[in-house]
Amino acid sequence: VAGAAPKAPARQAPAHPARLDAREQAFVAQATADDAMQIALAQLAMARSGNPKLRALASRIVSDHAALNLQFAKLAAATHGSKGNAHGVPPGSVSAMKAHLQALQGAAFDQAFAGMMVNEHRKIIAAYEVAAKTSADDRLRTIAARGLPVLQGHLDEAQALLKGSNEI
């Protein structure tokens with residue numbers, strides 16, 4: 001047809017959804033809140049513990065969770081600022097855990113910290129497993145899948161410390 005505008009080429013669907021769905025956003029909120037909580041507790045452990053194995057674990061927790069948090073921040077920026085819902089770790093819970101640890105010293109501190117890391121890592125690993133298997137966003141699935149062995153390593157080390165193992 002003369003004078004008709006040329007048709008624009010058909011656009012393919014984007015490789016990634018523009019936004020994360022509510023379930024994915026809730027996971028990101030949970031994971032980033034968990035990262036912040038574990039970093040805060042691990043920094044306390046690095047300052048207060050005399051156990052070199054526990055301090056080494058705490059140092060790895062700080063660096064690994066900071067790296068995970070950076071990946072989530074990049075994902076949020078790429079998904080047009082998608083933000084998670086308030087399904088993270090309640091701020092009062094972090095304060096209570098820190099206060100509990102600050103009241104302890106020596107082996108009691110080390111045992112309490114290792115116990116907290118076991119409990120918290122078990123919870124977040126379960127959430128990562130779901131996200132790695134069910135997220136519609138392949139970037140989020142990748143972050144979760146790559147994070148799992150890191151988190152499992154933290155859990156294994158914390159469990160060994162809790163049992164007084166010499167494996168670490």
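Biologist: Happy to look at this one with you! What distance should the 27 residues of helix H1 span, and how far apart are its end C-alpha atoms?

Modeller: Keep in mind that this is a predicted model. Helix H1 covers residues 22-48, and at 1.5 Å a residue its 27 residues should span 39 Å. The end C-alpha atoms agree with that expectation, as they lie apart by 39 Å.

Biologist: Which residue caps the N-terminal end of H1?

Modeller: Look for a side-chain oxygen that lies 3.1 Å from the backbone nitrogen of Arg-23. The residue that supplies this oxygen, and so caps the N-terminal end of H1, is Asp-21.

Biologist: How many nonpolar residues are in the contact of H2 with H5?

Modeller: The H2 side includes Leu-54, Leu-57, Ile-61 and Phe-72, while the H5 side includes Ile-143, Val-150 and Leu-161. Besides 4 polar and 5 charged residues, the contact of H2 with H5 has nonpolar residues numbering 13.

Biologist: And what is the handedness of the crossing of H4 and H5?

Modeller: The axes of H4 (residues 106-134) and H5 come within 8 Å and cross at roughly 155 degrees, which makes H4 roughly antiparallel to H5. By class, their contact has 17 nonpolar, 7 polar and 3 charged residues. The crossing of H4 and H5 is left-handed.

Methods:
Residues are numbered from 1 along each chain as its sequence is written. This is a predicted model: local features need pLDDT of at least 70, side-chain atom pairs count only at pLDDT 80 or more; totals for chains, interfaces and linings use all residues. Side-chain values use heavy atoms; hydrogens and water are left out. Contact means heavy atoms within 4.5 Å. Helices (H or I, at least four residues) and strands (E, at least two) are DSSP runs, numbered from the N terminus. Ala, Val, Leu, Ile, Met, Phe, Trp, Tyr, Cys and Pro count as nonpolar, Asp, Glu, Lys and Arg as charged, and the others, Gly among them, as polar. The expected span of a helix is 1.5 Å times one less than its number of residues. A polar contact is a pair of N or O atoms within 3.5 Å; within protein, one must be able to donate a hydrogen and the other to accept it, and residues adjacent in sequence count only if both atoms are side-chain atoms. Axes are lines fitted to C-alpha atoms, for helices over the stretch in contact, and angles run from 0 to 180 degrees between N-to-C directions. Angles under 35 degrees count as roughly parallel, over 145 as roughly antiparallel, 65 to 115 as roughly perpendicular and the rest as oblique. A crossing is left-handed if the near helix is turned anticlockwise from the far one by less than a right angle, and right-handed if clockwise.
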